[in-house]
Amino acid sequence: MAIPQKVEGYTFADYAAWDESERMELIDGKPVMQAAPSILHQWVVGGIYNQLSQYLAGKGCKAFVAPLAVQLFADSDTPDDKVKTVVEPDIMVICDPEKLRKGNCVTGAPDLIVEVLSPSTQRHDRLTKFNLYWSAGVREYWIVSLAEKSVQVFLLKDGEYRQADVGFEGDRLKVNILEDCEIDLAAVFAE
């Protein structure tokens, strides 16, 4: 679908009206197309999500998987026509139920975001989204490399992202925002 450019930029109101079969994000009012994920991408996302959701069963935080829109710099009172940045992380954990009040999207920064790199999204996930998540106050950001079978963990400390850990295929990786939660990367990367 070709989307004509708006001089003033697009908002969540526009985004919500677009064809749902096309995966898009809005970065400062500009639409960014997302490629369809590969089978391996989906497998890895499912492996991490399943472990997170099992750990969180009966607890206050909730895990979500794409597609689910996140209005990073908004709250539940921000009108949709004022929201210019909307992302769809592969996985996120939300611990504040107020961020789920709108019902059709998350408002504000998730506590944890996991992005699985695809060939077409590496630059976007490593640079653009890294800076957006840092600016929005996402407490923990995981970047998963399918090619390297690895995960880089970044934590927000003193207003900056700092690499806290790196995990590989056989490791167990701590989820820092959750007490006693570890992700078994052997299960995640098993094909």
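This briefing covers the cysteines and the aromatic contacts of the structure. The model is predicted, and local features require pLDDT of at least 70, side-chain atom pairs count only at pLDDT 80 or more, and totals for chains, interfaces and linings use all residues. Residues are numbered from 1 along each chain as its sequence is written, and side-chain values use heavy atoms, with hydrogens and water left out.

**Cysteines**
- The structure holds one disulfide, a term for a pair of cysteine sulfur atoms within 2.5 Å.
- C61 and C95 form this disulfide, with their sulfur atoms 2.0 Å apart; the link is right-handed, with 105° about the S-S bond.
- C61 is buried at a relative accessible area of 13%, whereas C95 is partly exposed at 24% (buried is under 20% relative accessible area, exposed over 50%, partly exposed in between, with a 1.4 Å probe and protein chains only).
- C105 is in no disulfide, and the nearest cysteine sulfur, that of C95, is 18 Å away; C105 is buried at 3% relative accessibility.
- C181 is likewise in no disulfide, the nearest cysteine sulfur being that of C61, 10 Å away; C181 is buried at 2%.

**Aromatic contacts**
- There are nine aromatic pairs (ring centres of Phe, Tyr or Trp, the last by its six-membered ring, within 6.5 Å; planes under 30 degrees apart are stacked, over 60 edge-to-face, the rest tilted).
- Y133 and Y141 pair edge-to-face, 5.0 Å centre to centre with 85° between the planes, and both residues are buried.
- F130, Y133, Y141, F154 and Y161 are linked into a cluster by ring pairs.
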